[in-house]
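Subject: Structure for you to look through

Dear colleague,

I am passing on the structure below, and I would be glad if you read the notes after it with the model open beside you.

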Amino acid sequence: MSNLFDLLVAGLATGAIYALVAVGFTLLWQTSQTINFAQGEFVMLPAFLMLAAMHAGAPFWLAIILGILLSMLLLGLAFKMLLVDPMLRHGVLPLAIATMALAIGLKEAVKQFFSAEASPFPSIVPTGDISILGHAVSLQSIGVLLLAILAVFGLTALLNRTSLGHQMQAAAQNPTVARIIGVPVERMILLTFLINAFLVALASLLITPIYLAKFTSGEVLGQAAFIAAIIGGFNQVRGAIAGGLLIGVLDNLAAAYVSTQYRAAVPMIFLIAVILFRPQGLLGRAEERTV
Amino acid sequence: MKSTILAGALLAFATATSVHAQAIKLADVAELSGGGATVGTNWKNGIDLAIEEINAKGGVLGRKLEVTHADSQSNPGVARAQVQKALDAEPYVLLGPGYSGSVKVTAPLAAEAGIAQIMGGEAAELTQGGNKFLFRTSFGQQSSMPKVAKYIHDDMKAKSVAVVWVNNDFGRGGRDVVVKELDRLGSKVVADLSTEAGQADFAADVGKIKAANPDAVFVYLNEEESARILKELKRQGVTAPLMGETTLIGQKVIELAGDAANGARGHVGLTTDAPVDLIKAFRDKFAKKYNYVPDHNGLKGYLAVYMVKATTDKMGKVDSKAFADTLHGLTIKAVDEPGILMDVTFSDTGDIDRQSFLVEVVEGKQVVKQVLPKVN
């Protein structure tokens, strides 16, 4: 029972990070029909930007700020203007393939200019345990879970309770009508790219102390988040959140109770089942687009 | 006058040719570039240092040693081509490569040529295929794992052990030997966990270890995965003592795992931190020549050349065909040949028996806690 509790907490912590990344998938899809296959590498890169800042002498807190700002500049603004905008006019598929190329480019660039070896990365959450319901639970798991949940709730509040969020919703649901009623659609789309960049930078900050900074570390994350987004519902932020948490827990339980070798297969089997029996995802809605 | 000059020149040429012919030729194929560049460069520098020393003292049986270095680019395919090229030059002994994968594909070539190959690979299977020309410079898993199991049973007093291993040839080979030995000694394996190479998340594996509540945990993963599991073990508050091999307590692991590496123990066959005067002297000489402290691969390269010297001295002649037969079963004592650094015995399969070291990570540094004696 104690083991199950530990597995659930660890799974939820990892799942919350998957959720951050999966939310980014859905945001980009909803506003600009971008399926970003470089999303995993987008999580990998900010950690290296932060490490580069630290190597240049910046303290950790400053490196975090610089890393997030640079991520928003490179993975938000530059990504949209230099890759998505020129490619999107050729269709969704060429853009998806271009993001695959970008993923390879980012990995090779980090390998070439930083290192092919893993690097340590400091944690913003202190180590140690706290007692919950009589179980010793790692502070790091709880901290990661809380920070990720806070980010997701903040985003949900922004989308549902502010004028800005409503404009983003309008831009996603019907850009033509949104333009007619005065919503700056292009600016709203850019904002979703910047939010995605912020989320991946946050995910990077939370996951890298556990996974270590390595040029390949985005592969697992990107795949898990993509599966999470589809399982939860690619057209719903709340679906991506649920999918992320579900995949995190499922992955850990599969590794513990099924087999380590087949742990990656279990979410895949679940994905196939969802596609077969509920193709819009667990919380998604058929034929609807909303953020 | 002209004829005198011509005669002198001919004499000089003949003398030079004679000296050249008398030199004993060694061929080295190592990982001088690519992913294994650190391994190969240390190995090469160790070789060069040993040859310089031996030649300064008059060589082997009065003949100088010469070595050619070729780069395998850390690629088994390139290693095979380079070894074939080296063998075509008919060297006395082949040195290298360091990577087990490269050794695996080059060993049949050397065996076919009847040339002894002294290499740096550690995978158990390398010396289990009946190759009569292959020799190690460090422990294979079949030599190191019994020592590890004995330490876990005798010194750690562990009655129950969790074994975590990486699911590849390296991990499986080590796991099979250690589990067998633990079973023989009476320590029960209460969790036998295979993990994947490159695995990032060890939460579930550590959860299983916690559930098994072992007296000790044996970790046999590659360096990066070792660092990740050390962090996860600390995160989940596992307090059972941790035991491993070089891959658990290496400097890179300590750098990656930080505080989580403290307290981890590991068995290492060769380390320049060993409390052995000859090794300390080697370390100083190496550092003076190359301006850095070598890792165990520098020691391996150095030892390889002294294996050539000691075996040739034992034969009393330079005979590449008889070399392998002589080295099989040979014990070389450091008191007779200081370059061998520690007493060593070679088995009929080319494996070695030598004292080794139990290292513990203390405040981010490797500290040699115990010297483990030769098995035989």
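In chain B, seven strands form an open sheet of mixed pairing, in the order E7-E6-E8-E9-E10-E14-E15, where strands are DSSP runs (E, at least two residues) and helices likewise (H or I, at least four residues), numbered from the N terminus, and two strands pair if DSSP finds at least two bridges between them. Strand E7 (188-195) and strand E15 (365-372) of chain B stand at the edges with a single partner strand each, so one side of each is left without a neighbour in the sheet. From one strand to the next, the twist averages 25 degrees, with angles running from 0 to 180 degrees between N-to-C directions and axes being lines fitted to C-alpha atoms, for helices over the stretch in contact.

This is a predicted model, in which local features need pLDDT of at least 70 and side-chain atom pairs count only at pLDDT 80 or more, while totals for chains, interfaces and linings use all residues. Residues are numbered from 1 along each chain as its sequence is written, and chains are lettered from A and ligands numbered from 1 in the order in which they are written.

Within the sheet, strand E9 (residues 242-245) and strand E10 (residues 265-268) of chain B pair in the parallel sense over three bridges, and Met243(B) stands opposite Arg265(B) in E10(B). Helix H7 (residues 203-212) of chain B packs on the sheet, touching E6, E7 and E8 of chain B, where two residues are in contact if their C-beta atoms, placed from the backbone, lie within 7 Å; the direction of H7(B) makes about 175 degrees with that of E7(B).

Turning to chain A, there are eleven helices and two strands. The axes of helix H5 (residues 139-161) and H8 of chain A come within 10 Å and cross at roughly 170 degrees, which makes H5(A) roughly antiparallel to H8(A) (angles over 145 degrees count as roughly antiparallel, under 35 as roughly parallel, 65 to 115 as roughly perpendicular and the rest as oblique). The residues of this contact divide into nine nonpolar, no polar and no charged, where Ala, Val, Leu, Ile, Met, Phe, Trp, Tyr, Cys and Pro count as nonpolar, Asp, Glu, Lys and Arg as charged, and the others, Gly among them, as polar.

Finally, the two chains meet: 22 residues of chain A are in contact with 25 residues of chain B, and H1(A) gives the most to that side of chain A, with five residues.

With best wishes
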